[in-house]
Amino acid sequence: MPLVLMALDDTLLDRSGAFRLWAKGFLDEIGAPQDDLDWLLSVDADGLTARWDLADLIRDRYRLNIPSIDLLEELHEGPLTFERLDPMVGCALQIAADAGLVPVVVTNGQTDRQDSRIRRTGLDRYVADWVISEQAGVSKPNPRIFALAAQKVRMRLGGAWVVGDSPEADIGGAAAMGLPSVWLHRGRDWTDNRFAPTRAVGNVIQGLSAIMAAQ
């Protein structure tokens, strides 16, 4: 009964797709050209840019006369209105659970925000549990957060798989623990020569299939 430690953003939930949809509407709202979409996606950096910094970059580029706190709130809440759990992902998680896999979400981020996303999208119905870095007091790729996830479902960490799109946080974390991993490449090439994923696939459905096939 393999434990599967899964990332949230751009793995179980399409965070980048939701941000892109929000960004298109935002650019229209402020009268900016849609050609700026690539710039906005680039400075967002898949959510890795601090929201305060992103707000400042947007205000400076478009000379917006709005308080940074208001723009910050829009950056936090706006993309969430477009975020949905793909029904096919839910179906794949159910099939995986029926096959004996135990999926647990391991995510970096703020507790209230990540917890709300998991519950609001209905993802909570398809996973055994979840661990969020702020509440855990430790972040990926530190092995401790993965160990905490295993403890939450009363399973051993040995034999678990790690699934995610981040080379450092997910695959690096798996490598540090000597665990097999599945990297969601999202059209990217693997460039890190310190370690490598056990499998590289295009999406989480293919990732779960790869794990089931390996059993």
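Trainee: Which residue with a positive phi follows α9?
Mentor: First, a word on the ground rules: this is a predicted model in which local features need pLDDT of at least 70 and side-chain atom pairs count only at pLDDT 80 or more, while totals for chains, interfaces and linings use all residues. Residues are numbered from 1 along each chain as its sequence is written, and side-chain values use heavy atoms, leaving out hydrogens and water. Helices (H or I, at least four residues) and strands (E, at least two) are DSSP runs numbered from the N terminus. After α9, phi is near 70° at glycine 178.

Trainee: Which elements do the buried residues of α9 pack against?
Mentor: Buried means under 20% relative accessible area with a 1.4 Å probe, protein chains only. In α9 (167–177), the buried residues include Ala169, Ile171 and Ala174. Their packing partners are α8, β4 and β5.

Trainee: Is threonine 121 buried or exposed?
Mentor: Threonine 121 sits in the loop between α6 and β3. Its relative accessible area is 13%, so this residue is buried.

Trainee: Which residue's backbone oxygen does the side chain of threonine 121 reach at 2.7 Å?
Mentor: The side chain of threonine 121 reaches the backbone oxygen of isoleucine 118 at 3.4 Å. At 2.7 Å, the backbone oxygen reached belongs to arginine 117.

Definitions and conventions: Buried < 20%, exposed > 50% of the residue type's maximum accessible area, 1.4 Å probe, protein only. Polar contact = N/O pair within 3.5 Å; in protein donor to acceptor, adjacent residues only side chain to side chain. Contact = heavy atoms within 4.5 Å.
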